[in-house]
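Hi,

Here is the structure I promised to pass on.

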Amino acid sequence: MLTRLLENAANAADAAQSGSNGADLTQLTNILDWVMIVLLPAVALYLFYTVFRLRRDRVLFDNKLLYPGGCTKDDCLDPDGFIDYILPRLIIIGAAFLLCGAFTALVVFIPAMDTLVCNILEIVFPIAAIAWYSFVSRHAAREYWGV
């Protein structure tokens, strides 16, 4: 899978140098699809790892996804309350990223699904999930860090 991604990237670079605009867009779209197929499940696995550690240890640990900018685990006003608040939301965003990666893979591997609507959805869903999680993070920053 990674070799196919690298081949597509090399083909896109060659097409960009030759100046064929139609092929450029197709190649770049293919690269974006492969990046999403690899990146979204990888982020989902990291989120599930974070959930596992929070559930198992019930203590905050160094993790960039958990804390608001400039805050540390020692700055949290109510660590137990924050863990209870953030755990289900991490599961939701992790599941959303996993589903988005699977949906993108379906669009890539099943030619009948390669429609404009599916292409738009494979971009809109991850953006919506990120926007939702940023809203959740801002709420947690106010509630549990006093930021």
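Predicted model: local features only at pLDDT ≥ 70, side-chain atom pairs only at ≥ 80, totals over all residues.

**What turned up**

In the largest nonpolar core, which has 27 residues, Leu-54, Phe-82, Ile-86 and Leu-90 touch the most other members. (A nonpolar core here is a set of buried Ala, Val, Leu, Ile, Met, Phe, Trp, Tyr and Cys residues joined through side-chain atoms within 4.5 Å; buried means under 20% relative accessible area, exposed over 50%, and partly exposed in between, with a 1.4 Å probe and protein chains only.) At least two residues of this core come from each of α2, α3 (79-109) and α4, and α3 gives the largest share, 9 residues. Helices are DSSP runs of H or I, at least four residues long, numbered from the N terminus.

Residues are numbered from 1 along each chain as its sequence is written, and side-chain values use heavy atoms, with hydrogens and water left out.

Back to Phe-82: leaving aside residues up to four places away in sequence, Phe-82 touches Leu-60, Leu-66, Cys-76, Ala-140, Tyr-144 and Trp-145 (contact means heavy atoms within 4.5 Å).

Leu-40 sits in helix α2 (residues 21-57) and counts as buried because its relative accessible area is 10%. Leu-40 and Cys-100 are 60 residues apart in sequence, yet 7.0 Å apart C-alpha to C-alpha.

Val-124, in helix α4 (residues 116-145), is partly exposed, at 41% relative accessible area.

Cheers
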